[in-house]
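Here are my notes on this one. Have a look at the fold first, then read the points in order.

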Amino acid sequence: MAEQPNQPAVHTATHAATLGAAPQSAQQTDVAIIGSGPGGYACALRAAQLGLHVTLIERDEHAGGTCLNRGCIPTKALLDAAHAARDARRGADLGFGTQATTPDRAKLLDFQHDAVHTMVSGLESLIQARRIDFAHGTAKITSAAAATDTAVKDASVTDAAADPHAAAAPSHTLTITSPAEGTRTISARHVVVATGASPRALSAVPVGGRVLDSDAALELPEIPRSVIVIGSGAIGLEFASFWATMGSKVTVLLRHGKPLSSWPRRVGSALKRGMTAHGVTFLDYISVESFAEADDSHDADGTVRLTLATKKGTTTLAADYVLVAIGRTPATSAAWIAQAGIVLDDHGFIATDPLGRTTVPGIWAVGDVTAGRQLAHRAFAQGRVVAEAIAGLSPEPVQDVLVPRVVFSFPEAASVGLDADQAKSGAFGAFHDVKESAISMDGNARTAIAGETGVVDVVTGVPDEATDDATDVAATSSGTPRLVLGVHMVGPHVSEFMGEAQQIIRNRIPLHEAADAIHAHPTFSEAFGEALLKADGSPLHTL
């Protein structure tokens, strides 16, 4: 049997005869993964691909975690429906008789559930095809190798993990409890914690009844007359866009002056303008003090009333529903995590080294339980890294700054790399002559035809090693040239530009080479190309 690419010879020799086969004992496994969300199942698929026997444990009925079942997929199904409604409404302006009718929430729910079923079924078929042992139930580590405070801090990111087959016997014991199957025990050489996260609570506005978290909002049986959204991150903005398009009166409360407050200023401001044009109202510099539900469900202002603190004093605001979307809390409070010796940071995230190793040898963590951007594609990448490290390869760690962020609002927002302040801080490398080059997407043909707006902001800089020591002048063709350090955008379909932007930044492609790339005309992505040209000093369609 030929050796697989990037697979260590020792691993191939060990598993060549049994690749994909069931383990000799159903009670033993090479890798036990607790949680089958993006990080967990990506780790499972890659580890199985590398010849390891994998047990993937999921407490819910189906694989996929929050992303497939209660997050990425169902919300994008609803947003796809919202796009269809917007296109239908544009028909009158374009000479068509098509008009959007009152949304049928029951049909929308069916569409949403069908999308989830399709993706989950595909994933479960893939898990089965890779011969992964998929166990339903709640898992916990009941005995683990001795913990060490230095396991994380001393681990070098260039060190390959120990050969998973070196030990004569598994070192960790887990119990899996299922209402249908009772309790069983398994032993694993490696355990990966991928238990995800849950919606963060807001003490002033507890979830229940007409106060929703994102899970409850997905299953809401009606399109609300009015909604107040507390939180201006991806979850809150996407629901706001959906409801506003479906005819709801939507008000988003901002703690600061713009949504996505941790993103570059231009992005937040442009997104606020764009979403306002699509019918969303924003209230700035607001904090919530309390809430009450009205006795009269037919109150014209709504049945949930919030007391708000503003710069001008206290006021009230009412709506039919309130969505609390202030972030997600890592699922690390189970007693067995502490009992296993797994160390958490001050925010409840599992402490790991860059390769995902925890403070306990042989126990790893991926996804939303680790500090950083709580995004499915980050978890995918982490899962692959951990699987390869367990298999004895030497993968590159995931760098959060290279993980794209996308908000599928109307219009979309997308970002990857450094903003100008980060580039100047020195925390991500030494750069000088840092510049921001921004263009409006209004001049892009496709954007104008679609009746949309947006902005593209490109951050560039010169690495310090590219400086002529004698003149302190940025190097030109004779040395390392100016690089693209960050790309931040608002506009239609900007999520689709992130692959190109990430590759330019990750591979340190010189700005003048990136600007030479030819973008097809007329496309939305031409706006990104024009921004690169402006950053390089040679814009074509802008000043």
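1. A residue is called buried when under 20% of its relative accessible area is left, exposed when over 50%, and partly exposed in between (1.4 Å probe, protein chains only). By that rule, 49% of the 543 residues in the protein chain are buried.

2. A word on the source: this is a predicted model, where local features need pLDDT of at least 70 and side-chain atom pairs count only at pLDDT 80 or more, while totals for chains, interfaces and linings use all residues. Residues are numbered from 1 along each chain as its sequence is written, and side-chain values use heavy atoms, with hydrogens and water left out.

3. The protein chain has 16 helices and 22 strands, taken as DSSP runs numbered from the N terminus (helices H or I, at least four residues; strands E, at least two).

4. Now the cores. A nonpolar core is a set of buried Ala, Val, Leu, Ile, Met, Phe, Trp, Tyr and Cys residues joined through side-chain atoms within 4.5 Å. The largest has 40 residues, and Phe 242 and Trp 243 touch the most other members. Helix 8 gives the most to this core, six residues. A second, separate core has 35 residues, including Val 456 and Ala 531.

5. What does Phe 242 contact, leaving aside neighbours within four places in sequence? With contact meaning heavy atoms within 4.5 Å, the partners are Leu 78, Leu 79, Ala 82, Leu 108 and Ile 223.

6. Among contacts in the protein chain between residues at least 6 apart in sequence, 67% join residues at least 24 apart.
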